[in-house]
Amino acid sequence: MRNEAQTRRDLIDPVLLTLGWTNDLVKVEVTPGGTDIIDGKPKRRKGRSDYLLCLPVLDGHPPLPIAVLEAKKENSPATLGLQQANTYAKRFNVPFAFSTNGRLYSEFGLDKGTIIEADQLNNFPTPQMLLERYQSFKHIELKSEAARALLIRYKTGEATRFYFQDAAIRATLENIAQGNKKAMLCLATGTGKTFIAKELLWKLAKAGHIRRALFLVDRDELRTQALTHLQGIFGDDAQEVTTSNPNTNAKILIATYQTLNITGDDKEPAFWKKNFPKNFFSHIIIDECHRSAWGNWSIVLTDNPDAIHIGLTATPRTLTNTKGEEANADADVTANNIRYFGEPVYEYSIADGQNDGYLAACEVIKRKPDIDYRLLSKDEIKHKKISDAYSGGAVAEDKIDDVYSSNEFERHLLLDDRIHSMCNDLFQLLIETGGVHQKTIVFCASEIHADKVSIKLNNLYFDWCRANGTSPKEMYAFKCTAASTQPSSKELIAELRGSSNSHFIATTVELLSTGVDVPNLNNVVFFKYIKSPISFYQMVGRGTRIGEPRGSKMMFRLYDYTNATRLFGQDFISKPASEKKEGGEGGDPPPPPVIIRVAEQQFTIEIKDEGKSILCEEDGKDVLVPYEIYKERLAAAVSEKVSDLETLRNTWVNPIERKELLNELPGGENALRLVRELEEEQECDLYDVLAQLGFGYIPKTRTERAGGFSFRNKDWLKPLPNPTKNVLTAIAGLFAKGGIEELELNELFDEHEVKQNGGFDALINLPEQPGFYINQTKLRLLA
């Protein structure tokens, strides 16, 4: 019987071609499948190939994706791939999912809402049939002016975008073509929302739909980043708004809330009103639209009621306990994204990105200072060596609160011993997990806390350099907050991102929590208590990018000293901000609260190890599972799915069955690869990791298995012709490079070692087909 590739070539493709599905209408999308670090170098593991059926709409324009097709081998049920196809259809933002074994096909279409279980492949819908169904279901006439932007080519080319970016862009343009004026996109941090924005604007502009557009961000760093992207495709037609030059003649404007004079602290946005009259913009894109939710920036939207409003976010904010007229007007537009924009037209989560290999996996190390388990009373504090943290002067007893909880440590009560203990612990963990020169962001509770953490980490580093006879690198640890000057926060961020020889640990409060792209960040550290899931996910998102060059970073570590990771999986719901209270005569603001500093050697503090955890997805929510419990779940899942080691071995050499097994494991393939990292078994194939977990099998490295192949299989190899033996031995040797997937690459017979020993020709004119010998080689490697 034919395998998948043969079924597709011999049975499926010929039928589709006769029905009008020509080669240009069948697109292959390949996901990277993540990256392994082997011998210190990034190695891309085998990704997933998905087949999209596309509609021809207009000559000279790219065809439009509308369906996912899963091809299964001839002797499989036609329905086997339908559930998988349906899952991928949502990811690709297409309304139709098909599965076929070359004889029969099954279908699920959103328009009909029912499954067609088995029909002859000859009855498969033609492009015209699916075009009519698509237009009827979507209420879009694809040749109309309203849909024109859907068919515009990417300015930077098809190869520069990822499938989920294309899906998000199409979902937005479909929404606009249907006559809607509001759309929200929710994609995990690190998935390229700025790329999506620039290509959206390009397609809309090329279709002639943009009169003038505004891209609104909330930080100077993000404005600079967006300006670079947009000028790359629009040239001088894209300009930034500055207080000295609003650049109102430009077609695409990039601005911050602050520059537009519309932040919550402003009584009257004079700059905005002076330069941007009503309905000045035809399109507005709000980056990180969950941010500044209590400000007055809704005026940007309400002053442009005829414009298309597009919100980009990783965390859609929902408002709870809204009350009073003050909240109603502004919060309706800005705080409650879902109520204003509606449900996201497209979503792509952290888990999706990690499973596809576009985002790095996350290992969580939970720690906690033992002093955080209790309250500190006024009576206890006043008998310690205390001072005003800023002036160094004495603190009056009436300035000491009755009690301090851990949430107030380092914000209202500065504890030198706690800071030093946490810094000592973190520095030691860095030494143990790859060395002190790791790019790291530490989130602190206050400006002064960030200062003290950077000073302590620098002192620890200098001590370490002296002890190891090493010259210290410049700016090892540094504070990077909005208050940073000489160098500015902008310069510091650039060095954190770009320098490999300085600027390793940034201590911050909020500045680095969103929008700052540091692809090679190794660690995210929580020294501050967090209440908002929105802020938490944004902070975690700093670590999810997979490195530069892309794919060079597989994972990052999250060091949690404040139980921040309890927020994984929580809904993004916020409470209204409390009203600002006027203080003093004439409405002067109240004086800042006294921050009390408790000097060193006043407390004995121990950092408790609360274990390691793996980030998994359960029932559509992020869940943190303790590492040992995760391994138990994994072992149980392996035992449930495969009855014995022999079954695992036979499953493992079949790419489809192996992928299905990995997808069914808790946390999926990425979590298993993270276990391999944590168990320091990077030199083993994942087969050995599962064999050890499920059946107590002692793992072997890829090199051990490849090196012992000839000796262990000499009786099997002996009767074969010498060229065949040499080729199979060379193929087995490739296992050492990348494991089982290395033997399944299309370029297998182009590998130098295989080619020079006879290549594919050495496997023909034998009693069995070439596939038999390759499969036997794979099985015997795992024996």
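The model described here is predicted.

**Helices H5 and H6**

By that criterion, helix H5 touches helix H6 through Thr194, Lys198, Leu201, Trp202 and Ala205, and the partners in H6 are Gln225, Ala226, His229, Leu230, Ile233 and Phe234. Sorted by class, the residues of this contact are seven nonpolar, three polar and one charged. The axis of H5 comes within 10 Å of the axis of H6, which covers residues 220-234, and the two cross at roughly 35°. The crossing of H5 and H6 is right-handed.

**Helices H4 and H5**

Helix H5 also meets helix H4. The axes of H4, residues 163-177, and H5, residues 193-206, come within 10 Å and cross at roughly 45°. H4 and H5 are therefore oblique to each other. Their crossing, too, has a hand: H4 passes H5 in a right-handed manner. On the H4 side the contact is formed by Gln165, Ala168, Ile169, Thr172, Leu173 and Ile176, while H5 supplies Phe195, Ile196, Glu199, Leu200, Lys203 and Leu204. Eight of the residues in the contact of H4 with H5 are nonpolar, two are polar and two are charged.

**Helices H17 and H20**

A further pair is found later in the sequence. Helix H17 spans residues 627-641 and helix H20 spans residues 668-678; their axes come within 12 Å and cross at roughly 120°. This angle makes H17 oblique to H20. The crossing of H17 and H20 is left-handed. Tyr627, Tyr630 and Leu634 of H17 contact Gly668, Ala671, Leu672, Val675 and Leu678 of H20. In this contact there are seven nonpolar residues, one polar residue and no charged residues.

| Helix pair | Axes come within | Crossing angle |
|---|---|---|
| H4 and H5 | 10 Å | roughly 45° |
| H5 and H6 | 10 Å | roughly 35° |
| H17 and H20 | 12 Å | roughly 120° |

Rolling a probe the size of a water molecule over the atoms shows where empty space is left. Across the whole structure, a search finds three cavities of 30 Å³ or more. The largest cavity has a volume of about 100 Å³. It is lined by 14 residues, of which Pro62, Pro63, Leu150, Glu158 and Asp166 are the closest to its centre. Strand S5, residues 64-71, and helix H4 are the elements that each give two or more residues to this lining.

Conventions:
Residues numbered from 1 in each chain as written. Predicted model: local features only at pLDDT ≥ 70, side-chain atom pairs only at ≥ 80, totals over all residues. Heavy atoms only, no water. Axes fitted to C-alpha atoms, helices over the stretch in contact; angles between N-to-C directions. Helix = DSSP H or I, 4+ residues; strand = E, 2+ residues; numbered from the N terminus. Parallel < 35°, antiparallel > 145°, perpendicular 65-115°, else oblique. Left-handed = near helix turned anticlockwise from the far one by under 90°. Contact = heavy atoms within 4.5 Å. Nonpolar A, V, L, I, M, F, W, Y, C, P; charged D, E, K, R; others polar. 1 Å grid on protein atoms, 1.4 Å probe; cavity = no way out; pocket = protein on both sides within 12 Å on 5 of 7 lines; lining within 4 Å. Points joined across faces, edges and corners; volume = space filled by probe spheres on them.
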